[in-house]
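Please open the structure in your viewer and keep the sequence panel beside it. The tour below moves from one selection to the next and says what is there.

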Amino acid sequence: MQSIADVHGAIAQSDTEITIRKAFTYEDVLLVPRYSSIRSRKDVDTSTRLTRRLRLNTPIISANMDTVTESEMAIVMARRGGIGIVHRFNSIEQQVAQVRHVKRSESFVIEHPYTIDAGSTVGRARDMLDDYSITGLPVVDDEGCLAGLLSSRDILFVRDDSRLVRDVMTPGDRLITAPVGTTIAEAEEILQIHKVEKLPLVDREGRLAGLITLRDILKRTLYPESSKDAKGRLLVGAAIGVADDYMERAVELRKVGCDVLVLDIAHGHSENALSALRELRSRLDDVEIIAGNVATAEGTRDLIDAGADAVKVGVGPGSICITRVVTGVGVPQLTAVMDCVREADRQDVPVVADGGVRQSGDITKALAAGASTVMIGNLLAGTRESPGVVVVRNGTRYKASRGMASAEATLERRRREKPGWEGETEFSDVVPEGVEGMVPFKGQVTEVLVQLVGGLRSGMSYLGARALGELRDNATFVQISNAGLSESSPHDVEL
Ligand code: XMP
């Protein structure tokens, strides 16, 4: 890649003796094409490092914003090879429930399936199936021994919810089961031969020891690029702050298998962030931690020294962000990424380029500048899987998108933290650094991801890069003028 100095082109104002560096964002530059032997964009590999130890097949992370990532978004992101970071603007219980939902959404073997006892009512079973979005419940006795299986089909035509599970379940003696240690391939064969969808695993004493479902096996072929842990569960991350309950939050999230914690505050290069990170590192040494946000090499170095497994970069580039206008502080995102990557590379730590991605070409530029992944808010907000409802205005469908430091989000958070508060004066000190808005409804997030990843793949093939490391090596940026920018967009046609 071309040297940072070339790109930054520092300018010296000799008459005032002040040197002000030039800094760039994605729109200021383009990547220069070069010879490519790549015949199809399918031939490029977009796999990357998320943190020191975690890898992704798709270098895209959905942002920890309450209008972007809860469990539904996180499930699709992981199935498509990326990852979602569940936001923290809720109670610990709510955030933990979201993470648990993702971790339980699929696995090789469900180690602790939800169960019911034979004396429960059909109504209770129906509620559990609904609450956990599942299609069957193993029935167990007091010792945990398998007594039967209740599937949603068994109760489809049962009108009387007071009937008992034992009267409608498939009893244990008619069930197909398998011993602990059954492989996925063996399970697939058993399910096929017996034309059943669920295979309870039992130990020698007849106790339920796990469950393999046809649905999970099919998902493996349906989503081959999924981001998964060693147990075949989807990867998921969750955000934490640096105040109040952050340690308890982190511990509870870890208990339900959260793969990566994102310590996320607006000014990550602060004593608050560094001391919280050090404490997290010492209490939870087995969890991966992404920390941020910073925009400088010094910030990156300090976060890594405090224990970060990846550094999140971005002060002010976000679509809903007004930090730069309100505070006068920030660094245009391409320069910020390059500065941070330079430091992170020394310690072999990946960088997340967070915010400001407006089109797929920006992803190519961020990764060519050395980021390992990009975090995206706006482009993923307004999809079917983002939290919130669709509203219709003048015949067009929209969903909300808001900054987590917007006035509305800040007030909501304070109200939650101080239940019963009704006054106003206490909150008159709120200085928002984000805005609330609406984005057009975009349909399924998969469709958005297909476009984003497709653009990246094409970008890589223009640079003759079969992998993201090569994209970085082959990158030469040129600065463009306003005329160049307008030439880059559609012009002289009616769209
Ligand atoms: P995009 O451009 O993808 O950016 O929508 C998402 C990122 O924006 C950051 N974010 C904020 N930044 N004030 C800020 O200064 C805010 O209220 C705010 N809310 C989100 C965040 O880093 C996110 O990933």
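Strands here are DSSP runs of E with at least two residues, and they are numbered from the N terminus. With that in mind, select residues 288-294, which form strand 16, and look within this strand for asparagine 293. The peptide bond that leads from glycine 292 into asparagine 293 is cis, its omega being near 0°.

Before going further, bear in mind that this is a predicted model, and colour the protein chain by pLDDT, for which the mean is 93, with 95% of the residues reaching 70 or more. Then select residues 3-10, where the pLDDT is below 50, although this stretch has 15 contacts in the model beyond near neighbours in sequence. Where pLDDT is low, the predicted coordinates should not be read in detail.

Next, colour the chain by domain: domain 1 takes in residues 4-105 together with 234-488, while domain 2 covers residues 122-222. The centres of domain 1 and domain 2, taken over C-alpha atoms, are 40 Å apart.

Now move to aspartate 244, which sits in the loop that runs between strand 14 (237-240) and helix 8 (246-255). The phi of aspartate 244 is near 50°, a positive value in a residue that is not glycine.

Finally, select the ligand and the 21 residues around it, of which Ser319, Cys321, Thr323, Asp354 and Ala405 come nearest. How many residues of each class make up the shell around the ligand? The shell holds 11 polar, 8 nonpolar and 2 charged residues.

Zoom in on serine 319, where a polar side-chain atom lies 2.6 Å from an oxygen atom of the ligand, and then on threonine 323, which also places a polar side-chain atom 2.6 Å from a ligand oxygen atom. At methionine 404, a polar backbone atom is 2.8 Å from a nitrogen atom of the ligand. On its own the ligand has 520 Å² of accessible area, and the protein covers 89% of that area.

Technical notes: Residues are numbered from 1 along each chain as its sequence is written. This is a predicted model: local features need pLDDT of at least 70, side-chain atom pairs count only at pLDDT 80 or more; totals for chains, interfaces and linings use all residues. Side-chain values use heavy atoms; hydrogens and water are left out. A residue is near a molecule or strand if one of its heavy atoms lies within 4 Å of it. A polar contact is a pair of N or O atoms within 3.5 Å; within protein, one must be able to donate a hydrogen and the other to accept it, and residues adjacent in sequence count only if both atoms are side-chain atoms. Accessible areas come from the Shrake-Rupley method with a 1.4 Å probe; for residues, only the protein chains shown count as cover. Ala, Val, Leu, Ile, Met, Phe, Trp, Tyr, Cys and Pro count as nonpolar, Asp, Glu, Lys and Arg as charged, and the others, Gly among them, as polar. Domain bounds come from an automatic or database domain assignment. pLDDT is the predictor's confidence in each residue, from 0 to 100. Contact means heavy atoms within 4.5 Å. Helices (H or I, at least four residues) and strands (E, at least two) are DSSP runs, numbered from the N terminus.
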